[in-house]
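Trainee: Could we go through this protein together, with a few questions about what the model shows?
Mentor: Happy to, let's have a look.

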Amino acid sequence: MKKSLLVLGLLFVFHPTICYGEEIGEFTSELNFQASFDLTSRYARKQILNGETTRIKAKKDGVYLEFPFEHSPYMSFARFVLNGPVHIYSGFIETIFYRENIKIRDMYYENNPVKTDKIGLYSTDLCFTSEEGTIYHYKNVPYIVFSDKPTVFFSEINFAKENSIISGEIKMPASKNTYQIELFYTDNDEYHYQETSADREGNFMFKLNREAIEGKLYLRASDGLGNYADACDIERQGRTTYQVLPENLKVIEASYKKMKKEKSLLALVKIIFLRFLGIFVTILILLRLRVILKRHRRKKYNKNR
């Protein structure tokens, strides 16, 4: 019985791994998040300043606040630069004032202090004292670390004025989020812009909803997680191409290789875990069957006595 269980277990572990070996090595550009509208600064800012989502609990040693970080993956209270200083609280202080209506006298990191060693969106825990002397503990306060230089590059822009269309392409590093492209109009004092998302190949298109004038337009691109492109002016109609430096293309290519490797490793770990879980369940079922058979034989034996 034990030998049969051992053989069955080995087959269960290794056979599926061999069958799915090719799938592990494949790279999929499917994104973990599809909330492209969360990337616009105006929308995100509006949501951040909605203090109704704060979880509040008053205790003897102070007031405990918590931001629902897990449900707002693209929102941040403060911005930091890659490898830049970390003890800059102005962004947190300003956002908390407008969000919670609290004037802050002093502040420090209570847990998970800000780190700027890599770009991305993270959270920290803050402790601060209001001007009235109340002590607050704020958990899961989000902040974003931006690259210290552009990591996304416009490689082509096509302004088809007669068709009211602007299209183009960006060269972008691998990201967990979609890249948002914003088109800004600067032909008058009124603030106006449009937004769209780049596809997996970096292509994007705007169907213009108002008259556009060359020289009075510019584009921006960002993934909301620290990768961004410098503003790109649209100076003329027709197709315009931009050279992307070879070293920048190498960095972009390396990011996809790294993501592919991480996905492959994660998939392998997942498969192994599921196989061992399957073995465990199978063993439990077989042991249960063994007990049932023994009981059945014992009852049959007692009847025959």
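This is a predicted model: local features need pLDDT of at least 70, side-chain atom pairs count only at pLDDT 80 or more; totals for chains, interfaces and linings use all residues.

Trainee: Thanks! How many helices and strands are there in the protein chain?
Mentor: Let's start with the chain as a whole: it has 305 residues, and buried ones make up 38% of them. As for its elements, the count is five helices and 14 strands.

Trainee: Is phenylalanine 92 buried or exposed?
Mentor: The cut-off for buried is under 20% relative accessible area. Phenylalanine 92 has a value of 0%, so it is buried.

Trainee: What is the angle between the planes of phenylalanine 128 and tyrosine 136?
Mentor: Both of these residues are buried. Their ring centres are 5.3 Å apart and the pair is stacked, for which planes must be under 30 degrees apart. The angle here is 15°.

Trainee: Where is glycine 215, and which residues is it in contact with beyond its neighbours within four places in sequence?
Mentor: Glycine 215 is in the loop between β11 and β12, and it counts as partly exposed at 41% relative accessibility. Its C-alpha is 7.0 Å from that of aspartate 233, 18 residues apart in sequence. Beyond those neighbours, glycine 215 is in contact with Ile234 and Glu235.

How values were computed: Residues are numbered from 1 along each chain as its sequence is written. Side-chain values use heavy atoms; hydrogens and water are left out. Helices (H or I, at least four residues) and strands (E, at least two) are DSSP runs, numbered from the N terminus. Buried means under 20% relative accessible area, exposed over 50%, partly exposed in between (1.4 Å probe, protein chains only). Contact means heavy atoms within 4.5 Å. Rings of Phe, Tyr and Trp (its six-membered ring) pair if their centres lie within 6.5 Å; planes under 30 degrees apart count as stacked, over 60 as edge-to-face and the rest as tilted.
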